[in-house]
Amino acid sequence: MTRLTALNPEEVTGKTKDLFNAVQAKLGVVPNMMRTMGNSPAVLEGYLNLSGALSHGKLSAKIGELIALAVSESNSCDYCLAAHTFIGEKLIKADPEVLKAARTGNSADAKTEAILQLAKTLISKNGLVNDEDVNKAKNAGVADAEIAETIAHVALNVLTNYFNNVANTEIDFPAI
């Protein structure tokens with residue numbers, strides 16, 4: 001049972017209505033996570049703004065989805081695992097085996113694996129990485145901007161993982 005209410009997009013007003021309309025226009029639907037975040041327009045707007053900013057970064061949408069899967073696996077977030085598996089398969093067109101490998105921080109591509117391993121290390125060490133952890137990524141060709149964006153993607157996904165785990169958000173994506 002959910003712990004926080006997913007708002008009905010047809011019943012909200014004000015800032016929440018504006019944000020829901022923007023999500024609806026972009027995605028064609030307002031997913032349950034965003035409907036639940038809508039209880040605080042500040043939370044929903046913060047999530048949307050950071051997500052939007054990262055979509056214009058150095059890391060591709062595919063890498064962003066792979067990081068989301070690695071982080072969601074680490075944080076046991078079933079909602080985000082379902083959402084990012086669906087997005088990875090249907091929108092990014094990633095191979096299901098690539099998506100599955102990302103959950104454990106693995107990739108056939110050395111640079112991608114270094115990014116995913118950095119993401120997993122950030123989670124396991126609560127952000128307290130050391131020189132060796134960062135140098136592993138750099139030695140695999142990950143630039144400083146990509147490291148910065150990896151950190152931001154991890155933070156964004158920690159937000160959504162924790163939010164969904166606390167809210168016990170009803171999963172509205174296909175089960176994995």
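Mentor: The axes of α5 and α6 (residues 96-103) come within 9 Å and cross at roughly 145°. Those axes are lines fitted to C-alpha atoms, for helices over the stretch in contact, and the angle runs from 0 to 180 degrees between N-to-C directions. The model is predicted, with local features needing pLDDT of at least 70, side-chain atom pairs pLDDT 80 or more, and totals for chains, interfaces and linings using all residues. Residues are numbered from 1 along each chain as its sequence is written, and side-chain values use heavy atoms, without hydrogens and water.

Trainee: What makes the crossing of α5 and α6 right-handed?

Mentor: A crossing is right-handed if the near helix is turned clockwise from the far one by less than a right angle, and left-handed if anticlockwise. α5 passes α6 in the right-handed sense. The contact (heavy atoms within 4.5 Å) is made by Leu81, Thr85, Gly88 and Glu89 of α5 and Pro96, Leu99 and Arg103 of α6.

Trainee: How do you know which residues of the contact of α5 with α6 are nonpolar, polar or charged?

Mentor: Ala, Val, Leu, Ile, Met, Phe, Trp, Tyr, Cys and Pro count as nonpolar, Asp, Glu, Lys and Arg as charged, and the others, Gly among them, as polar. The contact of α5 with α6 therefore divides into three nonpolar, two polar and two charged residues.

Trainee: Why are α7 and α9 called oblique to each other?

Mentor: Helix α7 (residues 110-124) and helix α9 (residues 144-167) pack at about 50°, with their axes 10 Å apart. Angles under 35 degrees count as roughly parallel, over 145 as roughly antiparallel, 65 to 115 as roughly perpendicular and the rest as oblique. The pair α7 and α9 is therefore oblique. Residues making the contact include Ile115, Leu118 and Leu122 of α7 and Ile147, Ile151 and Val154 of α9. By class, the contact of α7 with α9 has nine nonpolar, one polar and two charged residues.

Trainee: What is the angle between α4 and α7?

Mentor: The axes of α4 and α7 cross at roughly 35° and come within 9 Å. Their contact is made by residues including Leu66, Ala70 and Val71 of α4 and Ile115, Ala119 and Ile123 of α7.

Trainee: How many residues line the largest pocket, and which lie nearest its centre?

Mentor: The lining has 34 residues, with Leu27, Tyr47, Ser51, Glu65 and Ile87 nearest the centre. α5 gives the most, six residues. The lining divides into 22 nonpolar, nine polar and three charged residues.

Technical notes
Helix = DSSP H or I, 4+ residues; strand = E, 2+ residues; numbered from the N terminus. 1 Å grid on protein atoms, 1.4 Å probe; cavity = no way out; pocket = protein on both sides within 12 Å on 5 of 7 lines; lining within 4 Å.
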